[in-house]
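Welcome, and thanks for taking a look at this one. Below is a short briefing to read alongside the sequence and the 3D view.

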Number of protein chains: 2
Amino acid sequence: MQKKEHVSMSVIRRLPRYYRFLSELNRNGETRTSSKELSERMGLTASQIRQDFNCFGEFGQQGYGYHIPQLCIEIEKILGIDTKHPCILIGAGNLGRTLAGHMDFHALGFELIGVFDGNEALVGQNIRSHKILNYRNIQDFIRARQPEMAILCIPRAAADTIVRELYSFGVKTYWNFSHYDISMDYPDVVVENVHLNDSMMILSYKLSVTETAE
Amino acid sequence: MQKKEHVSMSVIRRLPRYYRFLSELNRNGETRTSSKELSERMGLTASQIRQDFNCFGEFGQQGYGYHIPQLCIEIEKILGIDTKHPCILIGAGNLGRTLAGHMDFHALGFELIGVFDGNEALVGQNIRSHKILNYRNIQDFIRARQPEMAILCIPRAAADTIVRELYSFGVKTYWNFSHYDISMDYPDVVVENVHLNDSMMILSYKLSVTETAE
């Protein structure tokens, strides 16, 4: 199965949703599906689905459709979630605890190898199997364990200092929950932002527009 | 200031980020900015910024630039965050507690008027000023208080039953953290999804691509 070059991010961003649907079918023991069936379940056109899957090579067979377990494995490979990138989490407040305690890192391509906080009152407490470590020792930890990604559950005010440090220690990939615009200062980093405030404002917009229309 | 019809969602989705930058300038006491200055701070082209702002009417003045406090107020109006839509939160587990305890609802267009859980062990506990209410009584609460939006911090397995109930009681807008695809079953609802798993898989993809390229 050969990847084509330059698959657009809009196609990539649809893959987790395909994966969610296909994994559910897979868990239910189904082995075959078609672009038509998927389109009905997912609210996309069949031709959109065929186009998306074609970006990554020839998945389907005429008259047979798609083999669900194989398609799941291929999407796992494309998304890179069949590997386990070591990662750390910075900021063991409520959000950090929620993520460290509940995300299924292994299923999502990562392994959480350390949780850090600067607040001495939190250091030593446990989240799932992780003892919260002192942020003061982050440099030694990074040198020894070489995490590839850092999850930032820290306030905007702390974020630029912390990113400057992590970046200088070699961490170049971030899952960013702070409102700091990392890629403005570090154009070479890989970032995925989760801006909950932005999302809620967009919902406010959608709601306002609906009310005006009624 | 007149809104143009049919502003694209891609423009709308950039507004929270503009708002974040402009609010920071506003808090620092700055009163004027230009599309050129904003473009340098935000990594967008000046013409993109002018185009975006023009969708909503004539904000800027030639040779003067933009008046920051006025621009903030206009964006608040466009996003509808100058109103306070009453909302409820369903699911007072870790994620629900984090959101109820830390989001600045008022600044984002909402007022949280009730937190619900079906787990009797949680009912009666407090999150910030909210006593957790029993989900069993949700219908009476909705009839009396008429929330316009529900935040869903519930597992996929519970989500379709809960949405069926909330929808039948008149709630048509959702901030959805579950992995249930609400709009497939209810095409008339307004939904903003936050799929943390999807976001992490996309990060895994970006990281894998970077490593392959090196």
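Two strands are taken to pair if DSSP finds at least two bridges between them. Helices (H or I, at least four residues) and strands (E, at least two) are DSSP runs, numbered from the N terminus. This is a predicted model, in which local features need pLDDT of at least 70 and side-chain atom pairs count only at pLDDT 80 or more, while totals for chains, interfaces and linings use all residues. Residues are numbered from 1 along each chain as its sequence is written, chains are lettered from A and ligands numbered from 1 in the order in which they are written, and side-chain values use heavy atoms, with hydrogens and water left out.

**The sheet in chain B**

- Chain B has an open sheet of seven strands with mixed pairing, and the order is β5-β6-β4-β3-β7-β8-β9.
- At the edges of this sheet are β5 and β9 (190-193) of chain B, each of which pairs on one side only.
- Strands β3 (residues 85-90) and β4 (residues 110-117) of chain B run parallel and are joined by six bridges.
- Within β4(B), Val115(B) is the residue opposite Leu89(B).
- Helix α6(B) lies across β3, β4 and β6 of chain B and runs at about 165° to β4(B); axes are lines fitted to C-alpha atoms, for helices over the stretch in contact, and angles run from 0 to 180 degrees between N-to-C directions.

**Two loop residues in chain B**

- Arg128(B) has a phi near 50°, a positive value in a residue other than glycine, and sits in the loop between β5 (126-127) and β6 (130-134) of chain B.
- Gln146(B) also has a positive phi, near 50°, without being glycine; its place is the loop between α6 (138-145) and β7 (149-152) of chain B.

**The sheet in chain A**

- In chain A, seven strands make an open sheet of mixed pairing, ordered β5-β6-β4-β3-β7-β8-β9.
- Because β5 (126-127) and β9 of chain A stand at the edges with a single partner strand each, one side of each has no neighbour in the sheet.
- Three bridges link β7(A) and β8(A) in the parallel sense, and Ile151(A) has Trp175(A) in β8(A) as its bridge partner.
- Helix α6 (residues 138-145) of chain A packs on the sheet and touches β3 (85-90), β4 (110-117) and β6 (130-134) of chain A, with its direction at about 165° to that of β4(A).
- Inside helix α6 of chain A, Arg143(A) and Asp140(A) are three residues apart, about one turn of the helix, and their side chains form a salt bridge (3.7 Å, N to O).

**Where the chains meet**

- Chain A and chain B each give 59 residues to the contact (heavy atoms within 4.5 Å).
- Together they bury about 5300 Å², 67% of it on carbon and sulfur atoms; buried area is the accessible area (1.4 Å probe) that two parts lose on being put together, summed over both.
- Met200(A), Met201(A) and Tyr205(A) supply 14% of the area that chain A buries against chain B, more than any other three residues.
- One of the salt bridges joins Arg17(A) and Asp181(B), whose closest N and O atoms are 3.0 Å apart.
- On the side of chain A that touches chain B, α9(A) gives the largest share, 15 residues.

Key
A salt bridge is a side-chain nitrogen of Lys or Arg within 4 Å of a carboxyl oxygen of Asp or Glu.
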